[in-house]
Amino acid sequence: MDFKLEVPTSLEYFASLVQSDTEFPLLEAAICLAQDEYPELDIQEVLGQVDQLVSRLKKRLPADAGAIHKLRLLNKFFFEEMGFAGNANNYYDPDNSYLHVMLRTRRGIPISLALLWLELAGQIGLDAHGVGFPGHFLVKVHLPYPHEGKVVIDPFNGHSLTKEDLMERLSPLYVESGLVRDGEISDELLKHYLRSATPREIMTRMLRNLEEVYGSQSDIERLDAVRKRLKEIGRAHV
């Protein structure tokens with residue numbers, strides 16, 4: 001009897017990764033977004049490259065490093081030593097959303113940079129989360145006692161953001177709408193926008209970014225591929 005091993009399509013593979021919210025391999029799903037554009041992409045090889053970054057970072061960490069020490073070392077490693085930064089010169093290049101390209105060029109957009117930064121943060125034990133802030137994806141780290149607090153970072157440049165910085169970023173959105181006068185944003189509203197994004201929300205936002213890029217280019221074929229993935233990510237899951 002002959003047996004045929006059918007290799008799943010990139011869309012089927014993606015669908016298998018995002019079918020459950022309890023087991024959602026965010027990094028792997030994000031890497032596989034590039035398979036429509038780069039069909040020969042070896043996802044395991046890219047995961048291996050990330051593992052190498054994790055290994056290099058861990059070698060810099062003393063065994064007794066606290067959360068603040070870990071955060072400082074991570075930012076120094078990621079933004080200074082490795083040189084990851086926002087692609088200010090070509091922000092709307094779709095390659096900014098493809099992690100295997102970003103690992104080579106060290107340039108991305110906030111959400112792709114955040115995703116890699118979050119993977120490294122989690123691997124060294126930081127309580128880090130993505131933040132779906134309006135217009136610009138951010139990351140945050142919860143610091144334990146005795147330095148209890150929250151640090152919000154812009155992954156585009158590595159800068160820590162104060163409460164005033166965040167209020168200033170939100171103000172134009174609400175002043176234009178007439179919902180807020182004199183740019184006064186309530187603490188409750190700010191808290192709402194700083195909530196942790198789920199892996200499904202992060203993946204959806206990455207796809208929406210690509211949808212916007214390909215839509216602006218009237219690239220129907222690539223737009224259709226992105227929308228098929230959006231359909232999969234939008235299905236009901238448990």
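The protein has an accessible surface of about 13,400 Å², and carbon and sulfur atoms hold 49% of that; the areas come from the Shrake-Rupley method with a 1.4 Å probe. What you have here is a predicted model, where local features need pLDDT of at least 70, side-chain atom pairs count only at pLDDT 80 or more, and totals for chains, interfaces and linings use all residues. Residues are numbered from 1 along each chain as its sequence is written, and side-chain values use heavy atoms, leaving out hydrogens and water.

Turning inward, 46% of the 238 residues are buried, meaning under 20% relative accessible area with a 1.4 Å probe, protein chains only. Among contacts (heavy atoms within 4.5 Å) with a separation of 6 or more, 56% join residues 24 or more positions apart.

The fold contains 10 helices and 6 strands, taken as DSSP runs (H or I, at least four residues, for helices; E, at least two, for strands) numbered from the N terminus. The C-alpha trace spans about 70 × 50 × 40 Å along its principal axes.

Now for the helix pair. Helix H6 (residues 110-123) packs against helix H9 (residues 199-216) at an angle of about 145 degrees, and their axes lie 10 Å apart. These axes are lines fitted to C-alpha atoms over the stretch in contact, with angles running from 0 to 180 degrees between N-to-C directions. Where they meet, H6 contributes Ile-111, Ser-112 and Leu-115, while H9 brings Ile-202, Arg-205, Met-206 and Asn-209.

Notes. Buried means under 20% relative accessible area, exposed over 50%, partly exposed in between (1.4 Å probe, protein chains only).
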